[in-house]
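Open your viewer, turn on side chains, and follow along one selection at a time. Each stop names what to select and then says what is there.

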Amino acid sequence: MKKKQSALVLAGLCILFMAAMFLFSNQPYKEQDMRPELKKLVHLDANTLPKIEFYYGGALVTSTLPYDFIEFWIRKSCHVAEYAVCTLLILLTLRTVLVPVRFAVPAGFLASFLYANLDEWHQSFVSGRTGHFIDVITFDSFGIMIGVCLFLWFARRKKSR
């Protein structure tokens, strides 16, 4: 009975976490714009940061726009963190219902990867937001891999005890 309760709690946490991700993705960009707060915290100009430029999702990301540049990295770091946590919750739920690790890992990876795709697709319908597959194959997948690695690390530690 305890396993069943643990599985329900973990599944509930997983669903709540995914719902929170959905709600954040559903907010228009104007409601999530961090640049005004960054400007209050620190004064930066076009020459403050080392010159770095690259294209991402068809848009130029440049350190000469320092607040945009910093916000880009904060947002992408959040992608990594949220998909690491999401994947870890999915994997822990699967293991709690006794799915073997060799099946749980690919299933957890696939579930998180599919959710990342759905999330990006969903964002393409939100005002001021864009849905980019490049987010899925870069930052989201990196977070998923971190979640898998953490899970395997915990599983090995538990097994060695």
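Start by selecting Asp 135 and Lys 76: their side chains make a polar contact at 2.8 Å. A polar contact here is a pair of N or O atoms within 3.5 Å; within protein, one must be able to donate a hydrogen and the other to accept it, and residues adjacent in sequence count only if both atoms are side-chain atoms. You are looking at a predicted model, in which local features need pLDDT of at least 70, side-chain atom pairs count only at pLDDT 80 or more, and totals for chains, interfaces and linings use all residues. Residues are numbered from 1 along each chain as its sequence is written, and side-chain values use heavy atoms, with hydrogens and water left out.

Stay with Asp 135, which sits in helix 6 (residues 133-160). Helices are DSSP runs of H or I with at least four residues, numbered from the N terminus. Is Asp 135 buried or exposed? Asp 135 counts as buried, because its relative accessibility is 3%. Buried means under 20% relative accessible area, exposed over 50%, and partly exposed in between (1.4 Å probe, protein chains only). Now show the neighbours: leaving out residues up to four places away in sequence, Asp 135 touches Tyr 56, Lys 76, His 79, Glu 120, Asp 140 and Ser 141. Contact means heavy atoms within 4.5 Å.

**Next: the salt bridges**

How many salt bridges does the structure hold? There are seven, each being a side-chain nitrogen of Lys or Arg within 4 Å of a carboxyl oxygen of Asp or Glu. Side chains of opposite charge can pair when their charged atoms come close.

Select Asp 33, Arg 35, Asp 68, Glu 71 and Arg 75 together, as these are linked in a network of salt bridges. Zoom in on Arg 35 first. Its closest N and O atoms with Asp 33 are 2.8 Å apart, and a salt bridge to Asp 68 spans 3.3 Å, N to O. Arg 35 lies in helix 3 (residues 35-41) and Asp 68 in helix 4, so this pair ties together parts that are 33 residues apart in sequence. Arg 35 is partly exposed at 22%, and Asp 68 is partly exposed at 34%.

Then move to Glu 71 and Arg 75, whose side chains meet at 3.6 Å, N to O. Both lie in helix 4, four residues apart, about one turn of the helix. Glu 71 is buried at 5% relative accessibility, and Arg 75 is buried at 18%.

**Next: the cysteines**

The structure holds zero disulfides, a disulfide being a pair of cysteine sulfur atoms within 2.5 Å. For Cys 14, the nearest cysteine sulfur belongs to Cys 86, 5.1 Å away. For Cys 78, the nearest is also that of Cys 86, at 15 Å. Cys 14 is buried at 8%, whereas Cys 78 is partly exposed at 44%.

**Last stop: a loop**

Where is Leu 98? Look in the loop between helix 4 (66-96) and helix 5 (101-123). Leu 98 counts as exposed, with 59% relative accessibility. Check its backbone too: Leu 98 has a positive phi of about 70° although it is not a glycine.

Notes
Helices (H or I, at least four residues) and strands (E, at least two) are DSSP runs, numbered from the N terminus.
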